[in-house]
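Visitor: I'm new to this one and would like to learn how to read it. Could you walk me through it, feature by feature?

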Amino acid sequence: MKSDVSAKLWREANQVLVGGVNSPVRAFKAVGGNPFFAVSGKGAVVTDADGNEYIDYVLSWGPLVLGHAHPVVVEAVRKALEKGSSFGIPTEAEIRLAERIRQIMPSIEKVRLVNSGTEATMSAIRLARGFTGRDLIVKLEGCYHGHADGLLVKAGSGLATLGIPASPGIPAAYAQCTLTAPYNDLDAMRAVFDTHGANIACIILEPVVGNAGVILPEPGYLQGLRDLTKRHGALLIFDEVMSGFRAALGGAQARYGITPDLTTLGKVIGGGLPVGAYGGPAAIMDHLAPVGPVYQAGTLAGNPLATAAGLATLEVLAEPGAYESTENALTRLGKGLAEIAHETSVPIFQTQAGSMGCLFFHEGPIRNYADAAQSDTARYARFFRGMLERGVYLAPSQFEACFTSTAHTSDTLDRTLSAARDVFRTL
Ligand SMILES: *Cc1c(COP(=O)(O)O)cnc(C)c1O
């Protein structure tokens, strides 16, 4: 595999970009080595600056559920671009995208479009606070909701549930408005509500965790959170920025049959362009300006290129069999990897919800962040590098998800498994 051009670009990138990247995980710190530079993608394959091709299981961290440069998406964006790239004036595509989201996720009656997942979650939390008149929020350990101050918070030591900043630059006072609890632990959540219930605006969680590897909710857990929030007059926010259109077409809320108050979306709904959204019943959403007093705005919100890409993506994905093909591809990959791990006696624990999943180097079970953190990350790094050398690009961290798309055909999967068979023998 050649790497001269990527190596040169990497040196140049480090002169002008912090750490050579615009988002930290892209720097490959968790797996070693330098990142490659992408120049193009088509279907399941991404091509780098040296001409190497990789089967892509990262898919821009989830959005590309139809694979790279799907012709319907490309055409939709081209058509939109020719008519003008931004107006800051209402456009019809915003209505159609919102309608499509509502059709796929019936818990959503009204939608607000924003530009990223981070924006969606921070805005949904402001709305929850404005709606309930309460300040505290509850976040689950290991869930990621973007980089807003009140959400970059980790658990304090011992039994304390008041959060502490997970990054310098976040005032302790902000972090103290975020309570934390371990995932899949209803008793811990009940204890949080016993103490603070009257002041809690919302619980926000990834109903399927996708940012600590992939961790599934245990039976009854999501329903327990639903009951608890209802009893205490708090809102339940499902952050489905990743799990939307992946855990099932209708997201984790469809897969597990739980109706949240608010849902945040991103990734897939932008079809590879920057989009986020949040939505819920009109009775809550109408607290937003211009109808209600809770302020939130965006110069490029509802951007015509982004809405065109998102709408085209959701339309293709909602065609009969399309979503199922993404899920089936990951199921087949998972089965193949399980066989290989068994043959080579490498302990693994696999999780999957639809077209998102994870292979942990740990015998499991993995129920929460603390369990995931026990994984053999050095072994994951060897696995990652071995696969990359054989033309398969996996997430450059044990604690990220693996994604499939409609473009991951059986030939793609066979080639991936044959590479994995070689690599597992060296682990
Ligand atoms: C990616 C992600 C976000 C943040 O979205 P950005 O578009 O990166 O700001 C928020 N929540 C979840 C669950 C995510 O996976």
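Guide: Let's start with a term we'll need: a polar contact is a pair of N or O atoms within 3.5 Å. Keep in mind that this is a predicted model.

Visitor: Okay, which backbone atoms does the side chain of Thr 132 reach?

Guide: Thr 132 is found in helix H4, residues 117-132. Its side chain reaches the backbone oxygen of Ala 128 at 2.8 Å, and the backbone nitrogen of Arg 134 at 3.3 Å. Leaving aside neighbours within four places in sequence, Thr 132 is also in contact with Ala 201, Gly 233 and Leu 235.

Visitor: How do I read a helix, say H7?

Guide: Here's the general idea: an α-helix has 3.6 residues a turn, so residues three or four places apart point the same way. Now the case here. Helix H7 covers residues 221-232, which is 12 residues, and reaches 17 Å from its first C-alpha to its last, close to the 16 Å expected.

Visitor: Which residues of H7 are buried?

Guide: Tyr 221, Leu 222, Gly 224, Leu 225, Arg 226, Leu 228 and Thr 229. Their cover includes strands E5, E9 and E10, along with helices H6 and H8.

Visitor: Where does Asp 261 lie, and is Asp 261 buried or exposed?

Guide: Asp 261 sits in the loop between H8 and strand E11. The cut-off for buried is under 20% relative accessible area, so Asp 261, with 15%, counts as buried. The side chain of Asp 261 makes a polar contact with the side chain of Arg 226, at 2.8 Å. A polar atom of the Asp 261 side chain also lies 2.7 Å from the backbone nitrogen of Leu 236. Beyond four places in sequence, the residues Asp 261 touches include Gly 279, Gly 280, Pro 281 and Ile 284.

Visitor: Which side-chain or backbone atoms lie by the ligand's oxygen and nitrogen atoms?

Guide: A polar side-chain atom of Asp 239 lies 2.7 Å from a ligand nitrogen. A ligand oxygen is 2.6 Å from an N or O atom in the Thr 118 side chain, while a ligand nitrogen is 3.2 Å from a polar backbone atom of Tyr 144. Taken alone the ligand exposes 380 Å², and the protein buries 83% of that. The residues around the ligand also include His 145, Glu 206, Asn 211 and Lys 267. By class, the shell has 3 nonpolar, 6 polar and 3 charged residues.

Visitor: How do I read the backbone angles? Which peptide bonds are cis?

Guide: Look at omega for those. The bond from Ala 289 to Pro 290 is cis, with omega near 15°, and Pro 290 lies in the loop between helices H9 and H10. The bond from Gly 364 to Pro 365 is cis too, with omega near -5°; Pro 365 is in the loop between strand E14 and helix H12.

Visitor: What is phi for Leu 59 and for Ala 69?

Guide: Phi is near 55° for Leu 59, a positive value in a residue other than glycine. Ala 69, not a glycine either, has a positive phi of about 50°. Leu 59 is in the loop between strand E3 and H2, and Ala 69 is in the loop between E3 and H2 as well. Leu 59 is buried, at 0% relative accessible area, whereas Ala 69 is partly exposed, at 37%.

Conventions. Residues are numbered from 1 along each chain as its sequence is written. This is a predicted model: local features need pLDDT of at least 70, side-chain atom pairs count only at pLDDT 80 or more; totals for chains, interfaces and linings use all residues. Side-chain values use heavy atoms; hydrogens and water are left out. Helices (H or I, at least four residues) and strands (E, at least two) are DSSP runs, numbered from the N terminus. The expected span of a helix is 1.5 Å times one less than its number of residues. Buried means under 20% relative accessible area, exposed over 50%, partly exposed in between (1.4 Å probe, protein chains only). Contact means heavy atoms within 4.5 Å. A residue is near a molecule or strand if one of its heavy atoms lies within 4 Å of it. A polar contact is a pair of N or O atoms within 3.5 Å; within protein, one must be able to donate a hydrogen and the other to accept it, and residues adjacent in sequence count only if both atoms are side-chain atoms. Accessible areas come from the Shrake-Rupley method with a 1.4 Å probe; for residues, only the protein chains shown count as cover. Ala, Val, Leu, Ile, Met, Phe, Trp, Tyr, Cys and Pro count as nonpolar, Asp, Glu, Lys and Arg as charged, and the others, Gly among them, as polar.
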